[in-house]
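Hi everyone, thanks for making time this morning. Please have a look at the structure on the screen, and then I'll walk you through a few spots.

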Amino acid sequence: MSLKLLAPSVFEETIRKSRFIAHAAPIASEADTLDFYERVADPKATHNCWAWRLDGRHRFNDDGEPGGTAGRPILAQLEGRDLDGVMVVVIRYYGGIKLGAGGLVRAYGGAAAKCLDRAKTETVVPRIACELTLAFGDTGLVHQLLERHGVDKLGERFTDEGAVLSVSVPRDRLPALREDLEEVSRGSARLWISR
């Protein structure tokens with residue numbers, strides 16, 4: 001399971017006269033990352049550092065800060081919270097006092113963490129698209145079973161023998177669902193993963 005952001009979030013703090021503003025937002029594509037960056041980044045700022053995670057992929061950028069002191073700590077906050085489909089941009093306005101490598105890591109990672117702590121999130125349950133064939137006589141029992149296992153019905157069509165359902169099954173419930181379907185239908189219901 002992973003988490004997703006439900007809405008954008010912003011956090012601002014000043015550390016040794018440098019101003020850090022963190023922006024976090026949900027993203028659904030790489031094009032979204034560019035759009036979000038262009039919306040929040042300030043060309044007048046000293047640095048616009050960022051990181052994102054999407055569908056198991058990630059990218060980050062230090063925007064001129066010493067390597068590994070900005071983008072990587074931001075990414076670490078996304079990974080540590082198991083957030084996916086999220087981008088964070090941390091803007092820095094230099095205040096005249098150098099923070100050192102450790103101070104930069106703490107500042108960028110900390111700003112990202114505090115921004116994400118304020119954000120509303122939701123747990124994402126991995127799901128699998130499946131097809132289910134069943135006899136007319138099993139329809140009532142099977143529908144009750146699907147509800148009990150948290151299965152979403154996406155579509156239904158009828159044949160001469162019964163029904164074919166398109167369903168979305170929580171990945172961790174698939175083995176138990178198959179076992180229960182076998183039992184209630186006396187082996188006549190068939191569930192397979194859609195391709």
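Let me start with a question: which residues does Asn61 touch, not counting residues up to four places away in sequence? They are Cys49, Trp50 and Gly71, where contact means heavy atoms within 4.5 Å.

Before going on, a word on the model: it is predicted, so local features need pLDDT of at least 70 and side-chain atom pairs count only at pLDDT 80 or more, while totals for chains, interfaces and linings use all residues. Residues are numbered from 1 along each chain as its sequence is written, and side-chain values use heavy atoms, with hydrogens and water left out.

Back to Asn61, which is found in strand E5; helices (H or I, at least four residues) and strands (E, at least two) are DSSP runs, numbered from the N terminus. With a relative accessible area of 29%, Asn61 is partly exposed, because buried means under 20%, exposed over 50%, and partly exposed in between, using a 1.4 Å probe and protein chains only. Val89 is 28 residues from Asn61 in sequence, and their C-alpha atoms are 9.5 Å apart in space.

Now to helix H2, residues 71–80. Its buried residues are Gly71, Pro73, Ile74, Leu75 and Leu78. What covers them includes strands E4 (47–54), E5 (57–61) and E6 (86–93), plus helix H3 (100–118). After H2 comes Asp82, with a positive phi near 55°.

Of its 24 residues, Ile74, Leu78, Val88, Val90, Tyr108 and Leu116 touch the most other members. Strand E3 (18–26), E4, H2, E6 and H3 each give two or more residues to this core, and H3 has the largest share, with seven. Leaving aside neighbours within four places in sequence, Tyr108 has contacts that include Phe20, His47, Ile74, Val90 and Arg92. Apart from this core lies another, of 17 residues, with Leu146, Leu165, Leu177 and Leu191 among them.

Leu165 takes us to our last stop. In E10, Leu165 is the bridge partner of Glu156. Strands E9 (residues 152–158) and E10 (residues 162–170) pair in the antiparallel sense over six bridges; pairing needs at least two bridges found by DSSP. Together E9 and E10 form a hairpin, with three residues between them.

Note on methods. Core = buried A, V, L, I, M, F, W, Y, C linked by side-chain atoms within 4.5 Å.
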